[in-house]
Amino acid sequence: MKKKNRQAEQCIEDILLENYDKYYRLAYSYTHNEADAEDIVQNGVYKAILYSDSLENPAYAKTWIYRIMLNEIFEMLKKQRDTSLEDMVLETGKEDRYADIDLLKALNSMSKEDKAVIELRYFEDLKISDIAQILGENVNTIKSRLYRGLKKMKLELSDAWKWEA
């Protein structure tokens with residue numbers, strides 16, 4: 001049995017503590033449910049600490065943890081059935097904030113991969129190279145998804161705002 005690397009485990013714990021709120025926001029942006037987001041982050045934290053000895057290069061610890069969190073998010077989404085926009089609006093209490101609803105609707109209309117790229121880039125302020133590493137994709141693929149996603153969001157939002165005027 002492989003001996004636990006206490007230094008790697010401590011590095012992972014420090015990153016988790018420092019970025020816990022970011023992981024929660026990311027999970028919440030997908031689930032729109034506080035309890036589910038908390039479950040995702042707690043499961044992700046548990047797995048990151050449990051498998052900390054498998055991290056080969058501590059320089060990649062942050063992106064490694066983001067990948068764990070995204071895997072947890074996608075796993076939970078597979079288990080849940082889709083909720084309607086109306087349920088989400090009632091749950092979040094944003095019924096009078098049309099711009100927020102339109103943005104959520106635009107984000108939720110994307111594939112989970114495109115949505116992840118947009119959220120990691122603009123809500124988590126990560127570099128494209130870090131996003132590529134987190135998602136296990138080529139940098140050019142991430143750029144394509146980012147631009148395609150932004151174009152789709154722009155169309156979705158312009159259509160929604162055109163009808164409100």
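Let's start in the middle of this predicted model, where the largest nonpolar core brings together 39 residues. Those with the most contacts inside this core are Ile12, Leu16, Tyr23, Ile65, Leu70, Ile73 and Leu120. Seven helices supply at least two residues each: helix 1 (6–31), helix 2 (34–50), helix 3 (61–79), helix 5 (98–108), helix 6 (112–123), helix 7 (128–135) and helix 8 (139–164). Helix 3 gives the most, with 10 residues. In soluble globular proteins, nonpolar side chains tend to be buried together.

Now look at how helix 1 meets helix 3. Their axes come within 10 Å and cross at roughly 35°, and the crossing is right-handed. Among the residues making this contact are Ile12, Leu16 and Tyr23 of helix 1, along with Ile65, Leu70 and Ile73 of helix 3. By type, the contact residues divide into 18 nonpolar, two polar and three charged.

Leaving aside residues up to four places away in sequence, Leu120 touches Leu26, Tyr66, Leu70, Asp125, Leu126, Ile131 and Ile134.

Most residues other than glycine have a negative phi. Asp125, however, has a positive phi, near 55°, and its place is in the loop between helix 6 and helix 7. His32 also has a positive phi, near 60°, and lies in the loop between helix 1 and helix 2. Are these two residues buried or exposed? His32 counts as buried because its relative accessible area is 8%, under the 20% cut-off. Asp125 is exposed because its value is 62%, over the 50% cut-off.

Terms used
Residues numbered from 1 in each chain as written. Predicted model: local features only at pLDDT ≥ 70, side-chain atom pairs only at ≥ 80, totals over all residues. Heavy atoms only, no water. Core = buried A, V, L, I, M, F, W, Y, C linked by side-chain atoms within 4.5 Å. Buried < 20%, exposed > 50% of the residue type's maximum accessible area, 1.4 Å probe, protein only. Helix = DSSP H or I, 4+ residues; strand = E, 2+ residues; numbered from the N terminus. Contact = heavy atoms within 4.5 Å. Axes fitted to C-alpha atoms, helices over the stretch in contact; angles between N-to-C directions. Left-handed = near helix turned anticlockwise from the far one by under 90°. Nonpolar A, V, L, I, M, F, W, Y, C, P; charged D, E, K, R; others polar.
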